[in-house]
Amino acid sequence: MGSTVGDDAEIADLMRAANAGDARAYATALSAIAGRVRPWLARRCAGRGVDVEDLVQETLLAVHLKRHTWQPDAPVMPWAHAIARHKLADALRRRGASVPVDIDDLAETLPAPTTDPCRAVDLARALGTLADRPRRIVEGIAVEGLSVREVAQRLGANETAVRVALHRALKTLSARFGRS
Amino acid sequence: MRTDDLVSVLAADATPRPGMERAFALALVAGAVAAVGGMLVALGVRTDVGAALETVRFPWKFVVTLALAATAVVAVRRLARPETRPRDALPLLALSPALLALSVVAELAVVSADVWAMRALGKNGLVCLTAVPALAALPLVAMLAALRHGAPSRPTISGAVAGLASGALAATAYAAHCTDDSPLFVALWYPAAIAIVTTAGALAGRVFARW
């Protein structure tokens, strides 16, 4: 994630391009959002038994599935941070911690931990609960770097069907995050 | 899975999606059609509607209920965005109660005290209390579906405001049927009926507006 994209206006431009169908701009925007959200989450996760990278991934998945709730004329990061905060509160609740959601004030004083290597486990676990076909679609793109068309060719399936299956798989992954 | 790999997967799913405005516009139209249709089929418009329209009190009911419907729809649309805090949306909702309070004061001033109770109780209190929640059921489903398409940080509060919007749409439809036009009646029964829908919305939002 060596991207230096991080300027608010730049992320908003990328997101607008993404909404117009530019997948490369979208990937850059998502990486930039991850880069901004990671230290923000790290400060708030410190000592709470929540893995930062798991939360970054859960946030990205929610950013993706709820991207239509971003207003194209608004800055991206307040919106993305609100999603991260929501997912953090959710994760803390799942782990049984009765911590109030509004932890912003105190969190500023917590030390930022050293950068976590991407050792996220929740997503891999959720991926394992998917049916064979959607899992192969997701893994083909994620692990082997295939395009949707290449995955479709390999599975002998229609490209549109693969797109639909992929979108459904992402919704399922989001719902099963950290719950298996 | 590495975060970079996840980004590749998400980018592969980067197809344009319908926006929130469309979802709430659809919910509003579907909800209004369901409420008005339900009223026409089950209750009917009052028979003296022509004469009633020439009074002040009958049209005023619609000013109050439509003000509530409009502000509640705007508020729930805002609440469907994750960055909206309740204080960014809820103050709007004071408009309709303020209008209603004004008309109550006016009514108390122009009507003698011995008929206040009769005006407030009216004849249709229990009809109002059952018809408004019944007419609001489908609009509430539509509003909650739109809310679910969004990403509300506060599902319970957002669900309550969805209930308020649905209750206000139902009350608007019901007002065309009801012959009790005194602001005293409206101030007693309508809020009670709409509160039932609001509570249902809060409970449903807690479950269905999570994401």
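How many helices and how many strands make up the secondary structure of chain B? In this predicted model, the secondary structure of chain B amounts to 10 helices and 0 strands. Read from the N terminus, the order of its elements is α-α-α-α-α-α-α-α-α-α. Along the principal axes, the C-alpha atoms of chain B occupy a box of roughly 75 × 35 × 25 Å. Chain B has 211 residues, of which 52% count as buried. Among the contacts in chain B with a separation of 6 or more, 84% are accounted for by residues 24 or more positions apart.

Part of the surface of chain B is a nonpolar patch of about 360 Å², made by B:V36, B:L40, B:V41 and B:V45. Within this group, B:L40 is located in helix α2 of chain B, which spans residues 20-42. B:L40 counts as partly exposed because its relative accessibility is 48%, a value that falls between the limits of 20% for buried and 50% for exposed residues.

B:H177 itself lies in a loop of chain B, between α9 (155-175) and α10 (183-208).

Chain A is divided into two domains, with domain 1 covering 8-107 and domain 2 covering 122-176. The centres of domain 1 and domain 2 of chain A, taken over C-alpha atoms, are separated by 23 Å. Contact between them involves 7 residues of domain 1 of chain A and 7 residues of domain 2 of chain A.

A:L30 is part of helix α2 of chain A (residues 23-45). Its relative accessibility is 0%, and A:L30 therefore counts as buried, the limit for this class being under 20%. Apart from neighbours within four places in sequence, A:L30 is in contact with A:L60 and A:V63 of chain A and with B:V7, B:L10 and B:A11 of chain B. A:L166 is 136 residues from A:L30 along the chain, and 18 Å separate the C-alpha atoms of these two residues.

Key. Residues numbered from 1 in each chain as written. Chains lettered and ligands numbered in written order. Predicted model: local features only at pLDDT ≥ 70, side-chain atom pairs only at ≥ 80, totals over all residues. Heavy atoms only, no water. Helix = DSSP H or I, 4+ residues; strand = E, 2+ residues; numbered from the N terminus. Patch = residues over 30% accessible without salt bridge, like charges linked within 9 Å, V, L, I, M, F, W, Y side chains within 5 Å. Areas by Shrake-Rupley, 256 points an atom, 1.4 Å probe, with all protein chains shown as cover. Salt bridge = Lys/Arg side-chain N within 4 Å of Asp/Glu carboxyl O. Buried < 20%, exposed > 50% of the residue type's maximum accessible area, 1.4 Å probe, protein only. Contact = heavy atoms within 4.5 Å. Domains from an automatic or database assignment.
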